[in-house]
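Visitor: I am new to this one, so please walk me slowly through a single part.

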Amino acid sequence: MIDDPNSNSGPLHDLEQWEDDLRRRYPENIQQLTDGSEKQVEQFRDYAAAVKPEVREFYRLNHRFQTLEFVRQKRQDYLSLNKRKMGLWDGLEFLNTLIDDSDPDTSLPQIEHLLQTAEAIRRDGHPRWFVLTGLIHDFGKVLCLFGEPQWAVVGDTFPVGCRYSDKVVFSEFFADNPDSQVPEYQTELGIYEAGCGLDHVLMSWGHDEYMYHVVKDFLPLEALYMIRYHSFYAAHREFAYQPLWNEQDRHYLRYVRQFNPYDLYTKAAVRPNIHELRSYYEDLWTEFFPDQLAF
Ligand SMILES: [Fe+2]
Ligand SMILES: [Fe+2]
């Protein structure tokens with residue numbers, strides 16, 4: 001097992017492998033079961049027993065290296081948004097260079113996931129900002145193309161600087177995180193204050209937090225919650241970390257729950273025809289965003 005935090009890529013075959021694994025952890029038919037019931041516990045045991053070694057290794061690296069210090073460093077590296085300017089199509093094309101060569105069936109996995117998510121939201125008659133959120137929610141995965149390893153791009157996110165919840169998948173791997181040896185970071189609230197709100201909490205670094213900062217001036221708060229916390233399964237599925245939540249979080253995390261099925265369960269739908277959809281999404285982009293967004 002390698003422990004090189006800087007080796008680009010990582011143990012996963014591609015970024016979708018994490019999402020495929022999420023669908024196994026949270027199968028569509030039990031998505032309402034979030035109460036820790038027997039059935040859910042059983043389901044999770046099955047999940048852990050059958051998880052692929054590369055997914056396990058991916059989480060081991062993620063939990064080992066996502067420290068408070070690492071998160072602060074990445075925020076410094078990226079949040080000035082001076083890496084690249086991208087519009088809709090160059091953004092999608094850039095993302096598509098993340099193509100997984102080993103899977104001949106999906107030649108455009110990123111574009112297809114984004115269009116399928118957006119199209120499902122549109123079919124259900126949701127507001128236009130919601131459709132646009134579906135389209136761009138994973139644009140932050142460009143972090144991979146900026147040289148970040150998989151464990152700093154995807155994976156469940158969690159607060160750093162306070163005690164790890166056992167509701168975070170494979171929480172046992174946090175034992176190897178240096179922060180687990182810092183007593184100040186291992187109380188329930190850690191470096192935070194009770195009810196301070198997630199906006200004041202530093203989350204593990206990844207595509208969610210990054211994309212939130214790229215679009216935060218352009219979309220309504222509902223959309224910003226969907227984008228920023230869509231991988232924070234411990235909160236939106238398991239209701240962990242509530243001592244940190246404030247009123248706003250209690251209200252707006254419901255939108256993350258509303259978004260989540262579109263993210264997870266629209267994969268098998270009909271393949272979207274990019275050419276037919278082109279002008280609709282160009283208009284939608286222009287309605288909310290400048291021609292180019294700063295990444
Ligand atoms: Fe995502
Ligand atoms: Fe996604």
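Visitor: Which residues in α6 meet which residues in α7?

Guide: Happy to look with you! This is a predicted model, in which local features need pLDDT of at least 70 and side-chain atom pairs count only at pLDDT 80 or more, while totals for chains, interfaces and linings use all residues. Residues are numbered from 1 along each chain as its sequence is written, and chains are lettered from A and ligands numbered from 1 in the order in which they are written.

From α6, L114, T117, A118, I121 and R122 meet F130, V131, G134 and L135 of α7 (contact puts two C-beta atoms, placed from the backbone, within 7 Å). Those residues divide into 6 nonpolar, 2 polar and 1 charged (Ala, Val, Leu, Ile, Met, Phe, Trp, Tyr, Cys and Pro are nonpolar, Asp, Glu, Lys and Arg charged, and the others, Gly among them, polar).

Now step back to the two helices (DSSP runs of H or I, at least four residues, numbered from the N terminus). Helix α6 covers residues 109-123 and helix α7 residues 128-136. Their axes lie 7 Å apart at an angle of about 165° (axes are lines fitted to C-alpha atoms over the stretch in contact, and angles run from 0 to 180 degrees between N-to-C directions). The pair is therefore roughly antiparallel, a label for angles over 145 degrees. Finally, α6 and α7 make a right-handed crossing, with the near helix turned clockwise from the far one by less than a right angle.

Key:
Parallel < 35°, antiparallel > 145°, perpendicular 65-115°, else oblique.
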